[in-house]
Amino acid sequence: MANGIQRVREYLQQLTTAFGSSWNRFWFTPADPETICLLRILVGLAALYFVASHTADLVVWFGPDGLLPAETVRRLTGMSAAGPLGAPQPVFRWSYLYLMESETLLWSAHVIGMIIVGCFAAGLFSRLAAVLSLIVVLSYVHRAPLIVGPFDAVLPLLLFCLCWGPTGARWSLDQRLRTRRRAGREQPVDAAATMVPSASTAANISQRLLQVHVAALYLLMAATQLAGQVWWAGEAMWWLIARAESRLVDLSFLSQHMVLVNAWTHGIVLFELAFGLLIWHRLARPLLLVLAPLLWLPWALVTGHVSFSLLMLIANACFVSGEALRGTVPRHADSTLGPGENRRADGHSRERRAATAAETTIGS
Amino acid sequence: MRKSLDKPPAPAVPEEVWEYSSLKRTAISLLLIIHFFLAFVAMSGNLAPAYSQLESRILARFAFYTQLLNIDLNFTPFYWTHATVEDVDHRIEVLAQGQRAEVDGDWLVLPDVGWRGTDRYQRYQRLGRVWALISPQDELTASLAQAVGTSFRAQRNVIPARVRCRRHMLQSWEVIRGGTPGERNPNDSSYYQVAYDANLVVSRNGTVSVVKLAAASEIAQPARTTDGKRNTASP
């Protein structure tokens with residue numbers, strides 16, 4: 001009896017130690033910031049497109065006589081007493097655009113929003129610009145939740161993840177300003193230091209957040225699809241092809257080849273499941289990243305969701321390591337490792353020690 | 001399992017190898033766990049038709065977080081299609097005063113802007129979809145109809161007389177293979193189904209009033225096959 005309790009105690013101790021070590025290694029091993037810096041540019045440009053895409057219809061949607069008066073949106077989202085759920089309830093879909101009651105104010109806010117998002121994409125005051133860009137994008141999303149699409153839903157998620165890391169460490173105006181400032185003070189500029197930013201835990205947390213969210217998003221898509229009979233039956237792609245006012249190319253000739261449509265439908269679900277689960281596997285990762293455009297580009301042509309498809313491809317880049325982007329991957333090393341997985345290849349001593357120690361713990 | 005139990009406990013990772021202190025790591029870990037837990041609960045609403053009581057309570061308590069960050073993706077179905085009437089193209093149509101309702105070309109159609117691959121174009125479709133979705137709720141749809149009428153009057157200088165939201169139903173592959181010429185045309189009038197229809201009355205001071213034409217119960221329901229499955233193929 002005592003022996004049994006001792007074994008259970010040992011098991012629980014090993015479990016918590018192993019889990020804790022894995023958790024720490026996953027989240028807190030310092031990583032190179034190149035990946036999140038690249039994502040800052042790409043997601044920043046996507047955010048700029050998102051805000052700019054409202055320009056032509058800004059007054060049409062949000063203006064005083066627009067299609068979505070603030071009061072109507074408040075009622076639809078349950079913000080007012082006359083909401084669809086009856087009694088008033090606290091709703092936290094805040095947007096500064098609700099306060100812009102005149103066209104002048106609306107245009108001013110729009111231009112300022114675009115400047116902020118532009119600063120983020122260019123890497124100017126990156127940390128502050130990241131948070132402000134998230135607020136700008138969320139304000140548009142919350143002001144018009146009725147017209148939110150998949151692109152608008154994923155974009156804030158990516159911005160949220162990028163808020164936590166040093167996204168201006170590389171390929172940014174911040175970096176240029178830092179270099180100039182040092183040169184102005186006539187301090188010796190260490191070329192290597194300015195070219196190769198040091199690894200940081202914040203960069204790893206930001207990248208890991210992105211990775212977990214992106215993988216979860218793929219699993220969410222697969223799970224919600226499998227809740228519908230048409231995805232099991234292999235017909236779902238047909239019902240997307242048949243949407244005559246959305247499709248960019250007419251593939252209705254595939255009605256003669258429904259086996260292909262079935263294969264396409266099943267292939268999408270299979271890929272989404274595989275991506276969500278196997279992207280964490282070192283060998284499967286490059287293959288999944290290469291195959292992803294084969295899913296998203298035809299998808300864009302059928303559904304018309306071009307921006308969303310491109311955003312998902314951008315988001316996939318979070319699984320590419322900083323070393324691979326910098327082009328310093330040693331021969332024979334995997335080019336798409338996650339942060340903290342090939343630290344022995346270069347010389348960040350703290351992260352190398354952390355990874356080694358964690359690996360030793362897990363392996364024991 | 002037996003083998004691993006026989007091993008000695010693993011040594012702890014030396015504290016100095018981490019950039020963050022133990023306290024900081026613990027605090028961040030806690031925040032991460034809370035974030036992912038709430039994200040999971042919020043996104044589960046996309047999986048099931050409704051939240052459980054427990055999920056609803058959790059989300060109500062933490063709405064300040066899930067709603068603010070838009071983790072609560074209620075308006076965005078990530079399944080793309082389940083082949084229901086909600087998963088078809090929608091359009092909003094406005095008839096100006098003096099035009100004939102029976103002539104399709106007389107209706108002003110939204111979306112009427114740009115390339116269909118842009119979000120700008122798709123936003124109008126999404127508004128139509130939500131409109132059709134809430135069509136049984138007269139008060140809400142009336143406020144949307146009024147907003148559309150007001151927008152046309154004020155921004156396009158069109159005096160609106162009628163507004164409707166129509167679904168563009170889908171062709172089945174069997175119809176394309178062997179249907180009549182009319183059935184094979186995806187834009188045939190038989191493929192359109194009215195989800196909402198109302199007359200608009202513009203007063204002298206420019207205020208738009210709404211008089212709904214079809215009650216929710218009169219609006220066509222999704223066609224069903226003999227085995228009870230939903231089917232949008234039939235117009």
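Reader: OK, which residues are linked in a network of salt bridges?

Author: The network takes in A:Glu245 from chain A, plus B:Arg91, B:Glu93, B:Asp104, B:Arg164 and B:Arg166 from chain B. Keep in mind that this is a predicted model.

Reader: Noted. How many salt bridges are there between chain A and chain B?

Author: The count between chain A and chain B is 5. Over all chains, the structure holds 18.

Reader: Give me one across the interface. What does B:Arg120 meet in a salt bridge?

Author: Its partner is A:Asp57, with side-chain N and O 2.9 Å apart.

Reader: What area is buried between the two chains?

Author: About 8700 Å² is buried between chain A and chain B, and carbon and sulfur atoms give 62% of that. On the chain A side, A:Leu67, A:Trp239 and A:Glu245 supply 10% of the area buried against chain B, more than any other three residues.

Reader: Let's go inside chain B. What does B:Arg156 form a salt bridge with?

Author: B:Arg156 pairs with B:Asp112, and the closest N and O atoms are 2.9 Å apart. The pair links distant parts of the chain, with the two residues 44 apart. B:Arg156 is in the loop between α6 (138-155) and β3 (160-168), while B:Asp112 is in the loop between β2 (107-110) and α5 (119-133).

Reader: What about B:Arg126, where's its salt bridge?

Author: B:Arg126 goes to B:Asp119, with the closest N and O atoms 3.6 Å apart. Here both ends are buried: B:Arg126 has 10% relative accessibility and B:Asp119 has 1%.

Reader: What makes those two count as buried?

Author: The cut-off is under 20% relative accessible area, so B:Arg126 at 10% and B:Asp119 at 1% both count as buried.

Reader: Which residue does B:Arg162 meet in a salt bridge?

Author: B:Asp197, at 2.7 Å from N to O. This pair also links distant parts of the chain: B:Arg162 is in strand β3 and B:Asp197 in strand β4 (residues 192-202), 35 residues apart. B:Asp197 counts as buried at 8% relative accessibility.

Reader: Changing topic: where is B:Thr81?

Author: B:Thr81 is in the loop between α4 (63-66) and β1 (89-96) of chain B. Its relative accessible area is 0%, which makes it buried.

Reader: And what is B:Thr81 in contact with, leaving aside its sequence neighbours?

Author: Once neighbours within four places in sequence are set aside, B:Thr81 is in contact with A:Val230, A:Trp231, A:Ala236, A:Trp239 and A:Leu240 from chain A, along with B:Asp87 from chain B. A polar atom of the B:Thr81 side chain also lies 2.9 Å from the backbone nitrogen of B:Ala83.

Reader: Over in chain A, what does the side chain of A:Asn204 reach?

Author: The backbone oxygen of A:Trp27, at 2.8 Å. A:Asn204 is in helix α10 (residues 201-226) of chain A and is buried, with a relative accessible area of 0%.

Reader: Last bit, the overall layout. How many helices and strands does chain B have?

Author: Chain B has 8 helices and 5 strands. From the N terminus on, they run α-α-α-α-β-β-α-α-β-α-α-β-β.

Reader: And how is chain B divided into domains?

Author: Domain 1 covers 16-75 and domain 2 covers 89-216, and their C-alpha centres lie 38 Å apart. Of the 235 residues of chain B, 47% count as buried. For contacts in chain B with a separation of 6 or more, residues 24 or more positions apart account for 57%.

Notes: Residues are numbered from 1 along each chain as its sequence is written. Chains are lettered from A and ligands numbered from 1 in the order in which they are written. This is a predicted model: local features need pLDDT of at least 70, side-chain atom pairs count only at pLDDT 80 or more; totals for chains, interfaces and linings use all residues. Side-chain values use heavy atoms; hydrogens and water are left out. Domain bounds come from an automatic or database domain assignment. Buried area is the accessible area (1.4 Å probe) that two parts lose on being put together, summed over both. A salt bridge is a side-chain nitrogen of Lys or Arg within 4 Å of a carboxyl oxygen of Asp or Glu. Helices (H or I, at least four residues) and strands (E, at least two) are DSSP runs, numbered from the N terminus. Buried means under 20% relative accessible area, exposed over 50%, partly exposed in between (1.4 Å probe, protein chains only). A polar contact is a pair of N or O atoms within 3.5 Å; within protein, one must be able to donate a hydrogen and the other to accept it, and residues adjacent in sequence count only if both atoms are side-chain atoms. Contact means heavy atoms within 4.5 Å.
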